Structures are given as C-alpha cells and as structure tokens.
Amino acid sequence: MLYDSTRGGERGKTASQAILEGLAADGGLYVPREFPHLDVSPEELAEMDYRETAYHVMKLFLTDFSEEELRYCIDHAYDEKFDTPAVCPLHKAESAGVWFLELFHGKTIAFKDMALSILPYLLTVSAKKNHVEEEIVILTATSGDTGKAALAGFADVPGTSIIVFYPKEGVSPVQERQMITQKGENTHVIGIRGNFDDAQTGVKKIFSDKDLRKELLEAGCLFSSANSINIGRLVPQIAYYVYAYTRLIGEGVIKSGDPVNFTVPTGNFGNILAAYFAMKIGIPVRKLICASNKNNVLFDFFRTGTYDKNRTFYVTSSPSMDILVSSNLERLLYLADGRNAEETSERMKELTEKGIYSISEDMKKEMSAFVGSYSTEEEVMETIHDLYEKDRYVIDPHTAVGAHACRKYTEETNDHTPAVIASTASPYKFGRSVLHAVGNGIYDEQDDTEQFYTLEKVSSVPIPGAIQELLHAEVRHRTVTDPDKMKDAVRSWILGRRKRS
Ligand SMILES: *Cc1c(COP(=O)(O)O)cnc(C)c1O
C-alpha cells in the first residue's frame, strides 16, 4: 500500500514514511493509492474485541508494519488508559432510538484519544523502520481537544517532543486547564491571541518553512504533525466505525450487510472522513451525516458545491468544531475528483487566496453519501435538555450537534436506517454548558468544582479521573504570543532545549 499526496508533488510513500512526514512537503495530505477491503467477515469481526478489530482494520493500511509491530502499538494504546474494556461502548438512547458511540473513555475524555493514544507508537516505530535518528518534534494547532490528547500521548515519550498552540480565548476553561497543567519535560504549550484558524495557518507555515526545517535538522530535530492531517491519525479512527457496525450485528440489531447511518459532529473533517474510509473498505453505510454548529461552512458546501470561508466566525458551546477551514476535506476533494492532484492544488490555492472554491457536478455525485446539517446554539441546548428528560442520558454540546442533526435528518427524510452518532466528548469536559442546558440555568451560579459534583448527581456517571486530576494540578505553561510570532516561539524553545540537554 502506497500513499500519494493530494497535491501531486510526493508520490509512492510507504505508510511509515507518510506517518513520519505528517503533511507532505508539497503542502498536500497523504491518501492511500487504492482502498483495501476487509479480509474478515462482519460476523467474524462481531466476535472480536476492540484491539483485535483495530488490528484487522489497520493492517490493511499500514502494510509496511509487521504484525508484531502493529500489535505492539495497538496493545500499548488501548489498555488501562481507557476506563472500560470495551474502549468505545455503544449506548442506546431508548426514546430517541439511536446509538451513541462513546469515543471519550480515554485519558483526556474526548474522541481524540482514540487516535492520539496510538500515534506516538506508530511514529516511533515508523522512525525506527526508516532509520531516523533525529528527535521528532510534534507541532500541533488545537481547537481544544487535540492539544491535550496529543500532550498526554507524547509526554515523556523518548525521542519526541511536542509543541501545542491553542487559541487563548477559544477553548473551554477545562480544556485550557488540561493543557496548561501538562507535565513532561518534552512538552510546551503556547496560547495564541487569535482563533483556531490562525493557529492552524501558523503551524502550516512553519511546516513549509524550508530554512527553519534545515536549521532544526542541523540541530538534530525533525518536524511531524499530530493533527488530523496525519494519516496515522486517520487510520486508527476507521477501526471504531467497523467496531460500531459489528457491535450492532452482535446485538442482533442488524444483519451483516444491512446498512447503517453514521452522524459525526464535524470540525476538521477527520472523524467523518474515517467513517467514509470505513465505508470504502466494506462497511455498508447509507448516509454520512456531517453535523456542524453555527460555523456551517460544510453544510453550505454539501448543499451548493461551493466552499466559502468568507463569513463570520462564531465562538460556540462546541469549540472543537469552531472551524472555517476543514483541512481533511482536501482528501475527499481529491478522491471525488478521480485523484486529480492538479485540480485539487488549484482549489486549495483558491481557498488560500480568495477563501472560496467550487466543485463540479460529477464530484458532487461522488460525494452523495454525505449530507450536511447544522445546529444553532438554542437547538444544541434543547437537544441536551430533551435527551436528559427522556432518557436520563447526558451528552456534551459537540455530541448534541450530532444528535440534533441525526433527528432532523430522520424527520426530513423518513430514513429509519439504524443510526449511530459519534459521541465525541464526555459531558464533564463541557460541564458548564451541559448543566446550563440540563437545569435550564439553575446551576449557573455554581463554581466549576461544585458543578462537577452536580453533574455526577444528575448523570449518575462518576467524575472521570481526568477531571479529578485537574482539581489539584499545578499550572506549568504560561506562554502567550501573537500568530505572527509562532515561528520564533518554536525556534527558541527547540534550540534552547537542545542546548540544555
Ligand atoms: C475534534 C473534535 C471534533 C471534530 O472532529 P474533526 O475530526 O476535527 O472533524 C468534534 N468534537 C470534539 C469533542 C472534538 O474534540
């Protein structure tokens, strides 16, 4: 299995090379040259646990990893760091008649743990395979959840260090506290006076800065990315869609071959793209419902075929989806355009220069599995409230964007295909918004700590370890900078660290 860049400049990389590079040198994203097909049946998969399922999915894409290497990565990633042996259990909400795929049982209680607990292993194995001697420096822009999950994954991993940029005013208090209390001598966290897109653009600029790369290489360092543009993030995420599908077989909800619908609360388009890849390798999917919050650029895109980021940016109660440039969409564009790298590059250039591009009718047809939907803040709050009232099940605002999209889609189309909603964060991560919705404002005056105990009472879900730790952790990162100073910040931290060691 070889990987090509969506921009055509880099071709024929092995999986481990693509993982090491993160973003291709031509600015594109790596895509597998063809789609493999599951070589075990859904019935067989239904008998397997999460790790075994992950192995049978990931081996199709990471063909230059030996069985031993891949199992080593999987076994070390999906262990007691997850608070349930199921890793990502399905929860049925009876009144709504839908299944929530709970992807938040890892260390940082958001779905990013599913990929970021394995990425450090995939990267260090890839480095060994390719005889890379340099320290791998992970650069990451975060809208909140990636940052913490990446920090937790890479902290004190030998041969790596990690720098995380986050929008100072654009993350929840719990998200910020999780990041700035991060331990590990190889971790560095920087707040940006700007939004997530500023941080992401800044990181992309640093990646494509050839002089800086050279200078750091001389100092013994190599950049890589933990953002969802890295194929090493995407591949592990395919596994949980296969797992969800085969759990429904196991529970007798569907028979092998019956279709399901997946609804995914979407930001950078990584999670839903993984669902699309699951479909490509043989999981029967009827619709992929791409759920956005008030930042509804993807909703407009799937409706009109025009992507237009020239619009107001809203800060919402689902900050991890407050994104106007969804990086992973580039992979879908490339695939839907018959892998035309030239046209994909052209569109990405238009996006950078004018903030807008359009796709052809044929491409729209290729994307017909996708349906866009979006929710206002009021709809998100109502959805959380309703589900609590009817099912005593508490969901976070991101998941609520998904739940609302799923309900709206079912009402509008009468399509009653079994529906799985990706549940992307624990309600504890966004406790303030969640309790506001659940209690219609009666808990608003409580301080953060009191709210955790209230949430424990109303949800009957014990306070997760990740939150308990936060209550006592010490702040270790205080750097704040402007977007145009990001490069200097990276340079001085890395070079300073190299000097000290
Ligand atoms: C990152 C994130 C999302 C968006 O996922 P993408 O892969 O970027 O589309 C949704 N919800 C939560 C809680 C997240 O952390």
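How many residues surround the ligand, and which are the closest? The number is 15, and the closest are Lys112, Asp145, Gly267, Asn268 and Asn271.

Before I go on, some housekeeping. This is a predicted model, where local features need pLDDT of at least 70 and side-chain atom pairs count only at pLDDT 80 or more, while totals for chains, interfaces and linings use all residues. Residues are numbered from 1 along each chain as its sequence is written, and side-chain values use heavy atoms, with hydrogens and water left out.

Back to the ligand. The shell around the ligand has 5 nonpolar, 8 polar and 2 charged residues. In this scheme Ala, Val, Leu, Ile, Met, Phe, Trp, Tyr, Cys and Pro are nonpolar, Asp, Glu, Lys and Arg are charged, and the others, Gly among them, are polar.

Next, polar contacts, meaning pairs of N or O atoms within 3.5 Å. A polar backbone atom of glycine 267 is 2.7 Å from an oxygen atom of the ligand. For asparagine 271, a backbone N or O atom lies 2.8 Å from a ligand oxygen. Threonine 424 uses its side chain instead of its backbone: an N or O atom there is 2.8 Å from a nitrogen atom of the ligand. Taken alone, the ligand exposes 390 Å², and the protein buries 98% of that; these areas come from the Shrake-Rupley method with a 1.4 Å probe.

Where does the ligand sit? It sits in the largest cavity, in the sense that more than half of its atoms lie within 2 Å of the cavity's grid points. A cavity is a set of points, on a 1 Å grid over the protein atoms alone, where a 1.4 Å probe fits but cannot get out, and lining residues have an atom within 4 Å of a point. The volume of the largest cavity is about 240 Å³, counted as the space filled by probe spheres set on the points. It is lined by 24 residues, with Phe111, Lys112, Gly267, Asn268 and Ser320 closest to its centre. That lining is made up of 7 nonpolar, 14 polar and 3 charged residues. Helices H7, H11 and H12 each supply at least two of the lining residues; helices are DSSP runs (H or I, at least four residues) numbered from the N terminus.

The whole structure has 3 cavities of 30 Å³ or more.

Last, the largest pocket. A pocket is an open set of points with protein on both sides within 12 Å along at least five of seven lines. This one has a volume of about 900 Å³ and 36 lining residues, with Arg7, Gly27, Thr201, Lys204 and Thr352 nearest its centre. H9 gives the largest share here too, 7 residues.

Terms used. Near = heavy atom within 4 Å. Polar contact = N/O pair within 3.5 Å; in protein donor to acceptor, adjacent residues only side chain to side chain.
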